[in-house]
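Hi,

Here is the structure I promised to pass on. Have a look at it first, and my notes follow right below.

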Amino acid sequence: DFVCALDGSGKPYCWGSGEKGRIGDGNTNDYTTPVASNTTTTFVSIESGASHSCALTSAGALECWGDNSDAQMAETPWVKNVGGTKSFKSPSAIAELSGSTISKVSIGTESLFTAALIDNGSIAVWGTYQSNVYTDHFVLNSGVATDIAAGTDHVCYIESGAVTCTGDNSAGQTTVPTLSKTPASVYAGADWSCAGFEDGTYTCWGSKAGW
C-alpha cells in the first residue's frame with residue numbers, strides 16, 4: 001500500500017500509506033503524490049517490503065525506515081507496558097550493521113525481513129524470516145556470495161558460481177534446477193526465483209504465476 005523511488009539525484013520519495021512511518025518523512029500521514037523522505041543522504045538503490053524500506057549509498061552505507069513490528073529495523077519490537085523500539089519514521093542507520101560495507105540490499109515482495117550482501121561475501125538477514133524474529137542479524141551463507149535476492153520468505157544467492165536458495169519452498173521456489181550456464185544474477189518474488197545469465201537469457205522456477 002505504498003511505493004518508494006529515488007529521483008535523479010538519489011533522494012528518496014515515497015507515497016501511499018504512511019502507517020508506521022512507511023513514507024519516511026517523520027510522520028504517519030498518507031500521500032497521493034510523492035513526498036521526500038526526511039534524510040540528506042544520497043542513495044543509489046532502494047528496496048521496499050510489506051511495510052518498510054531500505055536504501056543504499058554508493059559507499060555501502062544503509063538507511064532503513066518504516067515498521068519495526070517484526071524487527072525490520074533490527075531492533076526489539078515495541079510492546080505496550082514492556083518497551084522496545086517503535087517504527088522508524090525517518091531513514092536511519094541500522095545499528096546492527098554499524099561499520100559494515102554493504103554492496104547490495106534486497107527486500108522481497110510483501111516481506112518482513114531484509115537481506116544485505118556485505119562486501120566480504122557474507123549475507124546478513126534480520127527481521128521476521130521463516131516465522132522467526134531476528135532482532136540481531138544472522139549470517140545466511142558461508143561467506144563468499146556475489147549476488148542476493150530476497151523473496152517473501154526465501155532467499156537466493158550466487159556463491160562459487162552456483163545458485164543456492166533457502167527458505168519457504170511451498171511452490172518449489174528454493175528447488176534450484178540444473179543450470180546450463182554459469183549464473184550472473186539472481187531474482188526472487190513471492191513464490192518464484194530466477195537466475196540470469198551473461199547472454200541475457202534466464203531460467204526461473206517455482207510458481208509460474210509470478211513470471
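Let me start with one cysteine: C54 comes out at 0% relative accessibility, so it counts as buried. (Buried is under 20% relative accessible area, exposed is over 50%, and partly exposed is in between, with a 1.4 Å probe and protein chains only.) C64 is buried too, with a relative accessible area of 0%. These two cysteines, C54 and C64, form a disulfide with their sulfur atoms 2.1 Å apart; the cut-off for calling a disulfide is a pair of cysteine sulfur atoms within 2.5 Å. The pair links distant parts of the chain, with C54 in strand β5 (residues 52-56) and C64 in strand β6 (residues 62-66), 10 residues apart. The torsion about the S-S bond of C54 and C64 is 105 degrees, and the link is right-handed.

Before going on, a word on where this comes from. This is a predicted model, where local features need pLDDT of at least 70 and side-chain atom pairs count only at pLDDT 80 or more, while totals for chains, interfaces and linings use all residues. Residues are numbered from 1 along each chain as its sequence is written, and side-chain values use heavy atoms, with hydrogens and water left out.

How many disulfides does a search of the whole structure find? It finds 4. As you know, a disulfide is a covalent bond between the sulfur atoms of two cysteines. If you number the bonded cysteines of the protein chain in sequence order, the pairing reads 1-2, 3-4, 5-6, 7-8.

One of them joins C4 to C14, S to S 2.0 Å. C4 lies in strand β1 (residues 2-6) and C14 in strand β2 (residues 12-16), so this pair ties together parts that are 10 residues apart in sequence. The link of C4 and C14 is right-handed, with 105 degrees about the S-S bond, and both cysteines are buried.

Another disulfide joins C194 to C204, S to S 1.9 Å. Here the torsion about the S-S bond is about 100 degrees, so the disulfide is right-handed. C194 sits in strand β16 and C204 in strand β17, again distant parts of the chain that are 10 residues apart. C194 is buried at a relative accessible area of 7%, and C204 is buried at 13%.

Those last two strands belong to an open sheet of 3 strands, in the order β15-β16-β17 with antiparallel pairing. (Strands are DSSP runs of E, at least two residues, and helices are runs of H or I, at least four residues, numbered from the N terminus; two strands pair if DSSP finds at least two bridges between them.) β15 (183-188) and β17 (202-206) stand at the edges with a single partner strand each, so one side of each has no neighbour in the sheet. β15 and β16 (residues 192-197) pair in the antiparallel sense over 5 bridges, and P183 stands opposite F197 in β16.

Zooming out, the protein chain has 0 helices and 17 strands. Its radius of gyration is 17 Å, close to the 17 Å that the globule rule gives for 211 residues, so the chain is as compact as a globular protein of that length. (That radius is taken over C-alpha atoms, and the rule is 2.2 Å times the number of residues to the power 0.38.) The C-alpha trace spans about 50 × 40 × 35 Å along its principal axes, and buried residues make up 48% of the 211.

Cheers
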